Amino acid sequence: MKIPFWKVESIGNNFVLVHLDDVSLLGENGRESELLTVLAVAACEKRYGIGSDGLLAVSQDGDGTLILRMFNPDGTEDFCGNGIRCAFDHALRQGWLAPGEMRMTHFGIPVSGSAQHLADHAKGSLSAIRHAMHRTPYLIHTQLPPASYRPEDIPIAREREIFDSAIARVDGEVYTGSVLSTGTAHTILPVRTLPHDEEFFRVSPQIERDPLFPERTSVMWVHEL
């Protein structure tokens, strides 16, 4: 069976986007999540699939609120800020929403947004405006809930928040940083110099899957300039 898809991108983060209604037609009721997991793994594969950083599935409920589900390349469902912008832009192009106040539910979190036509915002020559609008006609603004350090919001297997504290010991070395949620867990590791590939790819997956994080975590190495 065939399903329509779009390839979308925000700040270099690229996705395969499908309509939830099309996915629902592929299987029996109640199997939507299972189908999306399988579809995400197949579509995101860079050599034999379409290739992307994730799968976006969008629909619209009866009151006009956009529904967004995002799946990582391994099939796990997640929250994604860049995916939100892509979904709002897609909904505008489909005529589901009008620029102005836009509403979305994503990963159980309410998100608001607005859009401005780029021709009304851009400055410069007409050719520069046309070049910008070739990429996207809209400038998308989103309003996300504030980040949370509360263990139950992240979640983490610890009673107190983690801020500039020891997070994990990997191969004998203690890594220190902070853990917060912007919808899903993010672990921030401030370092004096960014790690080489060997350390980055050896340590990051071990922290991601540490028992401290029952739902895993994104690991970000931060260097202040």
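**Close-up views of the predicted model**

**View 1. Thr184 touches Asp78, Phe79, Phe107 and Ile154 (heavy atoms within 4.5 Å), leaving aside residues up to four places away in sequence.** The model is predicted, with residues numbered from 1 along each chain as its sequence is written; local features need pLDDT of at least 70, side-chain atom pairs count only at pLDDT 80 or more, and totals for chains, interfaces and linings use all residues. Side-chain values rest on heavy atoms, without hydrogens and water. Thr184 sits in the loop that links β10 (173-181) to β11 (185-190); strands (E, at least two residues) and helices (H or I, at least four) are DSSP runs numbered from the N terminus. Thr184 counts as buried because its relative accessibility is 12%, buried meaning under 20% relative accessible area with a 1.4 Å probe, protein chains only. Its side chain makes a polar contact of 3.2 Å with that of Asp78 (N or O atoms within 3.5 Å, one able to donate a hydrogen and the other to accept it).

**View 2. The largest nonpolar core has 24 residues.** Such a core is a set of buried Ala, Val, Leu, Ile, Met, Phe, Trp, Tyr and Cys residues joined through side-chain atoms within 4.5 Å. Leu56, Phe88 and Met104 touch the most other members. Elements that each supply at least two residues include β2 (13-19), β3 (55-60), β4 (66-71) and α3 (81-94). The most, 6 residues, come from α3.

**View 3. Another core, of 16 residues, lies apart from the largest one.** Among its members are Ile154, Ile162, Val203 and Trp221.

Key:
Buried < 20%, exposed > 50% of the residue type's maximum accessible area, 1.4 Å probe, protein only.
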